[in-house]
Amino acid sequence: MPRLTKELVDLAITLATPTINTLMEGGITKRNHLQIVAGSLNDGVLSTAKFEDGIPWEHKYGPVAMSKFNLTVKWKMPTRLIQQTMPEVLGDEGTTIWWGSWIDKQIVCACSGVQPWMDEMISKIIIDIIRGLLFQIQDDQFQEKVAVGQDFYWNLIRWVYFKDGEGFITLFIFLFHL
């Protein structure tokens, strides 16, 4: 699997932006404030993004999103599950009691600013986009290798076929000496 990079996470957030804006502008979220923190278990935070409507934030959503991210990394589970199964670890110094993150294998995303279920849903959307982009990169790299391999085998077949039997005998001897 290709490595997760800041550029790839930024692209995923950019691709998710129309959906996030539609949720906010359509009144589906309770406010138009959102902080996103995304990255991986190994690399930590790779990208952050902030959505706002110009009205001052009533709460500090940045630290809350960062706390959700850190809790998800530490316990390797979404904050909703942490809240349901280990509520005693929430609310300590520097941790939030709110949920709204997701983890898929090594990829982590946390959001804060809207309803917790919307925070979680947006986190899932971003992670799904990241995974799709990673699979696309992996497929592109595979296709490049296949193309090189196809050229090799096509050239080998042409060499064997058009050498008046000489290429076939050379290939036959080579294969039996392996």
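Trainee: Let's start with the rings: how many aromatic pairs does the structure hold?

Mentor: Happy to begin there, with the reminder that this is a predicted model. A pair of aromatic rings is described by the distance of the centres and the angle of the planes. For a pair to count here, the ring centres must lie within 6.5 Å. The number of aromatic pairs in the structure is 1.

Trainee: Which ring does the charged end of lysine 124 sit over?

Mentor: A charge counts as sitting over a ring if, among other things, NZ of Lys is within 6 Å of the ring centre. For lysine 124 the distance to the centre is 4.2 Å. The ring in question belongs to tryptophan 102.

Trainee: And how far is lysine 50 from the ring centre of tryptophan 57?

Mentor: Here the lysine lies over the face of the tryptophan. The distance from lysine 50 to the ring centre of tryptophan 57 is 4.7 Å.

Trainee: Which residue in E4 is the bridge partner of isoleucine 36?

Mentor: Strand E1 (residues 34-40) and strand E4 (residues 107-112) run antiparallel and are joined by 6 bridges. Isoleucine 36 has its bridge partner in E4, and that partner is cysteine 111.

Trainee: How many residues lie between E1 and E2 in their hairpin?

Mentor: E1 and E2 run antiparallel, with 7 bridges joining them. Between the two strands of the hairpin, the number of residues is 3.

Trainee: Last one: what separation do the C-alpha atoms of isoleucine 129 and alanine 16 have?

Mentor: Isoleucine 129 lies in helix H4 (residues 116-162). Leaving aside residues up to four places away in sequence, isoleucine 129 touches Ala12, Leu15 and Ala16. Isoleucine 129 and alanine 16 are 113 residues apart along the chain. Their C-alpha atoms are separated by 7.7 Å.

Key: Residues numbered from 1 in each chain as written. Predicted model: local features only at pLDDT ≥ 70, side-chain atom pairs only at ≥ 80, totals over all residues. Heavy atoms only, no water. Pairing = 2+ DSSP bridges. Helix = DSSP H or I, 4+ residues; strand = E, 2+ residues; numbered from the N terminus. Contact = heavy atoms within 4.5 Å. Phe/Tyr/Trp six-rings, centres within 6.5 Å; stacked < 30°, edge-to-face > 60°. Lys NZ or Arg CZ within 6 Å of the ring centre and 35° of its normal.
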